[in-house]
Amino acid sequence: MKTTLLAVFSLALAGAALAQTPQAAAPAKHKVVFQMNVADTDSWNQLFGNIGNAQRAFQKDGIQIEVVFYGKGITALLKTNTAFEERLKKAAAEGVVLGACQNTMRVRKISSEDIFPFSTEVASGMAELFRNHAARFSSIRPGEWARRDVMQG
């Protein structure tokens, strides 16, 4: 009898513990990586418009967003870029990964202390894009490069 009561009590405790354990979020159905390699405020504005549109469109299914900043685009993440700081901080708070290319940082002599603390660093912007492509991310290149492609297309 004691063994049966102990077993029932143990199962009840285990069930209660499982009920209180936070459920893992379902993986995002949609994944997109934005490439940002231009230092152009129009392009940066377009980037934020694209991010917001994607978040609204895929809100129910879930969306994972990463922006890879490399080349001239790295300037968007510099602490001196106060005009875009709040928008970048908001995007990061909403789960958007803001990746700074360490290769670009080395070439441009940018230290980790020079970029916003809510951004992350990736060893290579190009390698990060390749990894994302392999992980079946869609890729978008907003801004100046995209406008040139359309105009020449």
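## Contacts and overall layout

Among contacts in the protein chain between residues at least 6 apart in sequence, 73% join residues at least 24 apart, where contact means heavy atoms within 4.5 Å. The structure is a predicted model, in which local features need pLDDT of at least 70 and side-chain atom pairs count only at pLDDT 80 or more, while totals for chains, interfaces and linings use all residues. Residues are numbered from 1 along each chain as its sequence is written, and side-chain values use heavy atoms, with hydrogens and water left out.

The protein chain holds 6 helices and 5 strands. Helices (H or I, at least four residues) and strands (E, at least two) are DSSP runs, numbered from the N terminus. Read from the N terminus on, the elements follow the order α-β-α-β-α-β-α-β-α-β-α. Of the 153 residues of the protein chain, 33% count as buried; buried means under 20% relative accessible area, exposed over 50%, and partly exposed in between (1.4 Å probe, protein chains only). The chain exposes about 9,700 Å², and carbon and sulfur atoms supply 58% of this area. Such accessible areas come from the Shrake-Rupley method with a 1.4 Å probe, and for residues only the protein chains shown count as cover.

## Confidence of the model

The predictor's confidence in each residue is given by pLDDT, from 0 to 100. The protein chain averages a pLDDT of 83, and 76% of the residues score at least 70. Over residues 4–23, however, the pLDDT is below 50, and this stretch has 1 contact in the model beyond near neighbours in sequence. Residues 146–153 also stay under 50, and the model has 6 contacts for them beyond four places in sequence. Where pLDDT is low, the predicted coordinates should not be read in detail.

## The nonpolar cores

A nonpolar core is a set of buried Ala, Val, Leu, Ile, Met, Phe, Trp, Tyr and Cys residues joined through side-chain atoms within 4.5 Å. The largest nonpolar core has 27 residues, of which Val-67, Phe-69, Leu-88 and Leu-98 touch the most other members. Two or more residues each come from strand 1 (30–36), helix 2 (41–57), strand 2 (63–69), helix 3 (82–93) and strand 3 (97–101). Helix 2 gives the most to this core, namely 5 residues. A second, separate core of 6 residues includes Val-68, Tyr-70, Cys-101 and Phe-137. In soluble globular proteins, nonpolar side chains tend to be buried together.

Val-67 lies in strand 2 and counts as buried because its relative accessibility is 0%. Leaving aside neighbours within four places in sequence, Val-67 is in contact with Phe-34, Met-36, Leu-47, Ile-51, Val-96, Val-97, Leu-98 and Gly-99. The C-alpha atoms of Val-67 and Val-32 are separated by 8.5 Å, although these residues are 35 residues apart along the chain. With residues up to four places away in sequence not counted, Leu-88 touches Phe-48, Phe-69, Ala-76, Leu-77, Leu-98, Phe-116 and Phe-118.

## The aromatic cluster

A pair of aromatic rings is described by the distance of the centres and the angle of the planes. Rings of Phe, Tyr and Trp (its six-membered ring) pair if their centres lie within 6.5 Å; planes under 30 degrees apart count as stacked, over 60 as edge-to-face and the rest as tilted. A search of the whole structure finds 3 aromatic pairs. Trp-44 and Phe-84 form an edge-to-face pair, at 5.2 Å centre to centre with 85° between the planes. This pair links distant parts of the chain, with Trp-44 in helix 2 and Phe-84 in helix 3, 40 residues apart. Both Trp-44 and Phe-84 are buried.

The pair of Phe-48 and Phe-84 is stacked because the ring centres are 6.0 Å apart and the planes stand at 15°. Phe-48 belongs to helix 2 and Phe-84 to helix 3, 36 residues apart. Phe-48 is buried, as is Phe-84. Ring pairs link Trp-44, Phe-48 and Phe-84 into a cluster.

## Residues in the loops

Asn-37 is placed in the loop between strand 1 and helix 2, and its 16% relative accessibility is why it counts as buried. Its side chain makes a polar contact with the side chain of Tyr-70 (3.4 Å). A polar contact is a pair of N or O atoms within 3.5 Å; within protein, one must be able to donate a hydrogen and the other to accept it, and residues adjacent in sequence count only if both atoms are side-chain atoms.

Asn-81, in the loop between strand 2 and helix 3, counts as buried at 9% relative accessibility. By contrast, Lys-60, in the loop between helix 2 and strand 2, counts as exposed at 85% relative accessibility.
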